[in-house]
Amino acid sequence: MRVVKGLRQKEATAAEGSIIEGDCLEVLSRLPSNSVDLVFADPPYNLQLGGELLRPNNTRVDGVHHAWDRFESFAAYDRFTRSWLSECRRLLTTNGAIWVIGTYHNIFRLGVALQDLGFWLLNDVVWLKTNPMPNFKGTRFTNAHETLIWAARDEASRPTFNYDSLKAFNDDLQMRSDWLIPICSGPERLKDHGGRKAHPTQKPEALLARVLLATTRPGDLVLDPFFGTGTTGAVAKRLGRRYLGIERDPDYTAAARARIAAVEPLKEKMTLPITSKRAEPRIPFGMVLELGMLRPGDMLFDAKATIKAQVMADASIVWGSTRGSIHSVAAKAQGRPACNGWTYWHFRKSPSRLAPIDLLRMELRRSYLAEPAQD
């Protein structure tokens, strides 16, 4: 990893891991268009805090009181928001996407800006905090969540979404848009030399891990224009993603550099997402016949062998008076509008055992299509 204090045009393409120290708007303007696969942005929240917040025992709450979170007006905040979002959109690849995170103070303004600038909103995700900070004054509900917006560069984009990996992660259930994750605390919370929080809004690595596992592939370039103490970079390095962070505060940059240097990347095979069936090469049923895995005249059956159909030379099948593809005939046999014939029809793998013809398709994908071309 390297820390870059200046950015020349030839340095604009990020290495495996880079931190650029400087103002995000100035740095973003120098980066090449269509070069970033994903943006994760944790911008200033513009909390508009009016004074100190005290606990019931009169100790001071270490909240966000930094100059970088202060804006003179909503209009000023909106101008800043639209400027960095416009640059991020320029940097995204055709199928790139962005995640932004915020609280009720700013997330609605971010959402409007995203839509106005041409991003295509895909989901809003609620990060439910298992251990939120209490509302010490007792004048409002305890603020126990933050909101993330996931948006594609535009409506035509087809961003990465590792659906099958997320489903496996979630015990074979679809991943929902409410994520129960603790706030950053304990050993993960970085401290400065005085033992205080190094950054007031450090995000938990579990949150970034879920974002990157869901919407990137190994080798993708992830840009974080508000890098802070480097959570995005630490998780990206561990998961085999490239990262580019922009941070203007030298203390945050130094903390991020030390943190990321200590991260051990996982082995490449451990970071690969589950291959979606939609992404696998298409195998026509006719190829099964061409390669002699089944032959014209062979019989196909449903799982209980109560329905049977005969395979024709043109890869159609016949059930009674119905002839058609493996899909259309399976649907007709069940009285349904559609059916996946690969999983419905079975062949006789042995005299006493039926197996779905999808096994033949899987075998083709593993062996025949994987073989290198021969001269």
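Biologist: Which hand does the crossing of H5 and H6 have?

Modeller: H5 passes H6 in a right-handed crossing, where right-handed means that the near helix is turned clockwise from the far one by less than a right angle, and left-handed that it is turned anticlockwise. Keep in mind that this is a predicted model, in which local features need pLDDT of at least 70 and side-chain atom pairs count only at pLDDT 80 or more, while totals for chains, interfaces and linings use all residues. Residues are numbered from 1 along each chain as its sequence is written, and side-chain values use heavy atoms, with hydrogens and water left out.

Biologist: And which residues make that contact?

Modeller: From H5 they are Glu-205, Leu-208, Ala-209 and Leu-212, and from H6 Thr-231, Thr-232, Ala-234, Val-235, Ala-236 and Arg-238, with contact meaning heavy atoms within 4.5 Å. Six of these residues are nonpolar, two polar and two charged; here Ala, Val, Leu, Ile, Met, Phe, Trp, Tyr, Cys and Pro count as nonpolar, Asp, Glu, Lys and Arg as charged, and the others, Gly among them, as polar.

Biologist: What angle do H5 and H6 pack at?

Modeller: H5 (residues 205-215) and H6 (residues 231-238) pack at about 55 degrees, with their axes 9 Å apart. The axes are lines fitted to C-alpha atoms, for helices over the stretch in contact, and angles run from 0 to 180 degrees between N-to-C directions. H5 and H6 are therefore oblique to each other, since angles under 35 degrees count as roughly parallel, over 145 as roughly antiparallel, 65 to 115 as roughly perpendicular and the rest as oblique. The helices (H or I, at least four residues) and strands (E, at least two) are DSSP runs, numbered from the N terminus.

Biologist: How many residues of H5 are buried?

Modeller: Eight of its eleven residues are buried, so H5 is mostly covered, with buried meaning under 20% relative accessible area, exposed over 50%, and partly exposed in between (1.4 Å probe, protein chains only). Among the buried residues are Leu-208, Ala-209 and Leu-212, which also belong to the contact with H6.

Biologist: How do H6 and H7 lie relative to each other, parallel or antiparallel?

Modeller: The axes of H6 and H7 (residues 250-261) come within 9 Å and cross at roughly 20 degrees, and the two helices are therefore roughly parallel. This crossing is right-handed, and in it Thr-231, Gly-233, Ala-234 and Lys-237 of H6 meet Arg-259, Ile-260 and Ala-261 of H7.

Biologist: Switching to strands, what does E5 pair with?

Modeller: E5 (residues 120-129) pairs with E6 (residues 145-152) in the antiparallel sense over eight bridges, and four bridges join E5 to E7 (residues 178-181), with those two running parallel; pairing requires that DSSP finds at least two bridges between two strands. Leu-128 has His-145 as its bridge partner in E6, and Leu-128 stands opposite Leu-180 in E7.

Biologist: Last topic: where is Ala-305, and what is its phi?

Modeller: Ala-305 is in the loop between E10 (299-301) and E11 (308-311), and has a positive phi of about 60 degrees although it is not a glycine. Most residues other than glycine have a negative phi.

Biologist: What about Ala-315, buried or exposed?

Modeller: Ala-315 counts as buried, at 15% relative accessibility, whereas Ala-305, at 39%, counts as partly exposed. Ala-315 is in the loop between E11 and E12 (317-319), and its phi is positive too, near 75 degrees.
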